[in-house]
Amino acid sequence: MDKYIRPTLAEFVGTALYVFVVCLFPPRVEASTILPAGVLQGCVYACLILGPGKISGGYFNPVITASVTLCGGVTVRVALCYFFAQILGGLTGAALSLAILPSDMYSLYLGGSTTLVNGTEPGWGLLAEGILTFILVLTVLMVTVDENKQQLSPLVTGLSIVVGVMAGASLTGGSMNPTRSLGPAVCYSLHQDSSYVWNYHYIYWVGPAAGRWWQPLCLDFFLPPVPENSTHLPCRVWWCSNQREREREREREREREKCL
């Protein structure tokens with residue numbers, strides 16, 4: 001049970017802290033706030049990968065978790081635990097911001113909720129979230145492929161979030177994370193009876209989910225073929241990243257057989 005409990009708690013804590021910080025200073029329509037908000041989100045995400053992420057892998061996002069699961073990085077059971085932990089973590093982080101922020105400031109920020117701004121059409125907002133999420137998840141997976149670059153994962157992931165927030169803030173708020181949008185929307189609705197934050201909330205689930213499905217196709221195209229005896233899924237990410245370790249393990253097994 002320990003292999004489920006500790007990583008799941010780490011995902012819960014990491015997601016809660018991430019959403020809490022985001023709600024304290026969300027990107028707004030004013031151009032002067034977009035860069036600081038993007039840097040803030042990227043930095044806190046990188047810090048959390050280095051913190052609780054050392055226990056769970058540091059996903060804090062159902063879309064990243066689903067992509068890693070599809071690539072064989074975690075089991076379906078662990079992924080389900082992560083999913084519910086991330087949902088609860090997002091709600092907890094948003095609730096903490098509701099408790100801490102003054103009422104006027106909380107209402108001004110819409111509780112950190114993500115909504116369509118500047119007259120963005122829902123279809124284009126959906127496409128924007130899909131593309132930005134595609135960039136984020138593809139970056140995460142491709143950094144994981146090369147074990148010589150895995151130490152750069154916090155930095156590269158943080159930078160991809162900075163890019164996504166800055167690019168999407170003036171359109172959709174640059175969410176790229178369903179739990180980051182769900183928690184603030186729920187808490188803001190409890191604070192102030194408003195359906196505004198729910199009008200196009202589906203964009204922050206459908207868009208990232210749609211963007212995620214392109215990663216396996218891209219990885220299938222760019223990465224080398226999987227041997228016939230490989231049991232890994234077609235996108236090959238963890239087959240490539242762990243190839244050397246499996247070769248070393250096979251060599252150790254041969255040595256043990258020789259000793260016997």
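Colleague: Hi! At roughly what angle do helix H1 and helix H2 cross, and within what distance do their axes come?

Modeller: The axes of helix H1 (residues 2–24) and helix H2 (residues 31–50) come within 10 Å and cross at roughly 160 degrees. Axes here are lines fitted to C-alpha atoms, for helices over the stretch in contact, with angles from 0 to 180 degrees between N-to-C directions. Helices are DSSP runs (H or I, at least four residues) numbered from the N terminus. This is a predicted model, where local features need pLDDT of at least 70, side-chain atom pairs count only at pLDDT 80 or more, and totals for chains, interfaces and linings use all residues. Residues are numbered from 1 along each chain as its sequence is written, and side-chain values use heavy atoms, leaving out hydrogens and water.

Colleague: Thanks! Which orientation do H1 and H2 have to each other?

Modeller: H1 and H2 are roughly antiparallel; angles over 145 degrees count as that, under 35 as roughly parallel, 65 to 115 as roughly perpendicular and the rest as oblique.

Colleague: Which residues meet there?

Modeller: Gly-14, Leu-17, Tyr-18, Val-21 and Val-22 in H1 meet Leu-40, Gln-41, Val-44, Tyr-45 and Leu-48 in H2, contact being heavy atoms within 4.5 Å.

Colleague: Staying in H1, is Thr-15 buried or exposed?

Modeller: Thr-15, which lies in helix H1, is buried at 0% relative accessibility. Buried means under 20% relative accessible area, exposed over 50% and partly exposed in between (1.4 Å probe, protein chains only).

Colleague: What does Thr-15 touch?

Modeller: Leaving aside residues up to four places away in sequence, Thr-15 touches Phe-60, Gln-86, Gly-89, Gly-90 and Thr-179.

Colleague: New topic: how are H5 and H9 oriented to each other?

Modeller: They are oblique. The axes of H5 (residues 76–100) and H9 (residues 178–191) cross at roughly 45 degrees and come within 8 Å. Gln-86 and Gly-90 are among the H5 residues in that contact, and Thr-179 and Cys-187 are among those of H9.

Methods:
Helices (H or I, at least four residues) and strands (E, at least two) are DSSP runs, numbered from the N terminus.
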